[in-house]
Amino acid sequence: MAAVAVPLGDSMGRAFTVWFYIGVLLSIYGVLLTAAGAYQVLHPPATTLAAYHATLWVGGLLLVIGLGYMISYWPRSKKREIQHDGAEIDGEA
Amino acid sequence: MILALLSGQLAPIHWLDTTVIAIYFAAVLGLGFLLQKQANSSEDFFLAGREMSAYIAGISFLAANMGALELMGWAATSYQYGLLAAHWYWIGAIPAMLFLGLVMMPFYYISRTHSVPGYLKLRFGEPTRVLSAISFAGMTILMSGINMFAMAKVMQVVLGWNLNFSILASSITVAVYVTLGGLRSAILNEVLQFFLIWAGALVVPVLGLIETGGWTGLKARILSNVAGTPSNAGYLHLWSTLGHFRSNSMGIHWTGIVFGLGFVGAFGYWTTDFLVVQRVLAAKDLRSAQLAPIIGAWFKMAVPFIVILPGLIGLAVLPAAGMPLVSEDVARAGQHTYNEVLPLLLIRYAGPGLLGLGITALVAGFMSGMAGNVSAFSAVWSYDIYRPLIRPHSDEAHLLRMGRWSTLLGVIASIGTAYFAMYFSSIMEYVQALFSFFVTPLFGTVILGMLWKRATGPGAFWGLLAGTCSSIGMWVWVRAQPSALATLALSPDAQPIAESLYRMLWSWLICVGVTLVVSYATRPAAYESLNGLVYGCTAIPAERKYPMVQQPLFWATAAALVFLWLQWLFR
């Protein structure tokens, strides 16, 4: 039993999961928003509380979470026994 | 071309925002295409091959419910009525979800049914199944159209999007990925959308609390903004103002919240509405199916942070910023309505890029709700209406094709009802009305079927019919004669929200009463035929022994304790 939730399946038979897909998407958003946030530090947008650099923070957070998911659920990853709330997610590999 | 259609009205739409939204559309379509080759049988298409883990089923169980109305509508309700709106997330969901996981799920799962009407067929026979399938199909299409319209309207007013463009772009995307991959695609996209809803919406409560000076500052600002209204104490309390209809902003009594919402309304929705139950049926084994709604309950308890709290923040900051919100029926040109509170706050706090992510969150919420509706519709249509009534001997391949076509049909019919919904002024009222017509009587039928051996087929059929008809009857009665509200809701001070809660309660009682009387008057079903369907006639299969922290009961008890703590905290 692997921690891999649902195999999307490919010709190589590797376990490519929705969690990995989510990781990729969040990482793309993370890169985009971190760059936008860095630009907005120099050119603040006309929003309330712009001094808090929310775009940069959210961008960084998404990048960390996205990369975390990508690495944990990298196809053919060894780290399969992920525990969530103590309940093992054991889908078919 | 898209940029031209998105010409900003209130918010200047930056190219970065458009890019973020475009990436989202590409991601959901991409997932649909990846999953296309895995939808080869009707079991694949309608039940995602029954292989989902507890986490995926649980998140999707919750996300299917987070439509556009759920996000924007309840933020609007909390702007209008304050913290009382959180009842719809806590007592109006958590006990029911835990009950579904612990008590009802074994019967749904062991009977190997494809749908809730399918369970009624096994338990009560064809007439009850067909009645519930037809009312479910009709309600689902109306709901998904109303959701679509609510979404498109906000996009039009706040962001200047073209109404037709918003409706078409979002619904075609949903149609493509659900038609390609069936329920598996709907579910996995719902998980993706759930992450994006949180990522995009989180900025509002966090910056909002910073701006208002935390919870204490927020409460002080709200109290000064609502100082002129009667019964203003209700804005910041869950329970302490529910002693009388007059003493709170909603015009409601605690019996309506506890019995109408917490028992009948919530149990009806979360345990018998196939839109959410379908996701749990896709779980890979009984333990996952039981854990899924319990995991959903944990996430559900957190949702008020991105829905109810923004409504309260809007109430604290928007009037001072010269933007007091008003209801749909009195809004003049240039005024904003309650429904726009969440988009307005996003514009207030989110700069280019982040605003795109916030809009993506709203679109994702809309799409997950819409996909939930059409995938449930297509399963009920194919299994419970088309096969028994129209073409009894359709084979597997035919049913799979019918699943794909009926998904498209569901989307097209929803677009039709979206334009139909434009003629109604109060959207929330119609949603509550639809629930009370179709969902609450159904809960009476299903729960008696599961827990009471003596309930018979004719009893269930006439009970369900009587419950639905009486609910519609009560609704018409109050429309024709507004003073009837005082009779139905037991108080001359009751407001429309109280009406819908008491209507749910009465229609459920009528359904149960008629089922009891007719069942005792008819011949009981043979004991053997109830095996696997009814409590007391079913051996729940013993699973391998799990440690305590992996058992559904452990997590349900912990969730119940957190739920009670929240009630006490915000009493």
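Predicted model: local features only at pLDDT ≥ 70, side-chain atom pairs only at ≥ 80, totals over all residues.

Q: What makes residues count as part of the contact, and how many come from chain A and from chain B?
A: The test is heavy atoms within 4.5 Å. Chain A supplies 37 residues to the contact and chain B supplies 47 residues.

Q: How do you know how much area chain A and chain B bury between them?
A: Buried area is the accessible area lost on putting the two parts together, summed over both. For chain A and chain B that comes to about 3,600 Å², with 73% of it on carbon and sulfur atoms.

Q: Which elements of chain A give two or more residues to the side touching chain B?
A: They're helix H1 (18-42), helix H2 (54-72) and strand S2 (87-88) of chain A. H1(A) has the largest share, at twelve residues. By type, that side of chain A splits into 25 nonpolar, eight polar and four charged residues.

Q: What is the salt-bridge count between chain A and chain B?
A: The count is zero. A salt bridge needs a Lys or Arg side-chain nitrogen within 4 Å of an Asp or Glu carboxyl oxygen, so no pair across these chains is counted as one. Polar contacts do turn up: six residue pairs, both at pLDDT 80 or more.

Q: Which residues have the most contacts inside the largest nonpolar core?
A: Trp19(A), Tyr108(B) and Trp270(B), in a core of 226 residues. Helix H9 (residues 163-201) of chain B gives the most to this core, with 19 residues. Beyond its neighbours within four places in sequence, Tyr108(B) is in contact with residues including Leu100(B), Tyr119(B), Leu281(B) and Met450(B).

Note on methods: Residues numbered from 1 in each chain as written. Chains lettered and ligands numbered in written order. Heavy atoms only, no water. Buried area = accessible area lost by both parts, 1.4 Å probe. Polar contact = N/O pair within 3.5 Å; in protein donor to acceptor, adjacent residues only side chain to side chain. Helix = DSSP H or I, 4+ residues; strand = E, 2+ residues; numbered from the N terminus. Nonpolar A, V, L, I, M, F, W, Y, C, P; charged D, E, K, R; others polar. Core = buried A, V, L, I, M, F, W, Y, C linked by side-chain atoms within 4.5 Å. Buried < 20%, exposed > 50% of the residue type's maximum accessible area, 1.4 Å probe, protein only.
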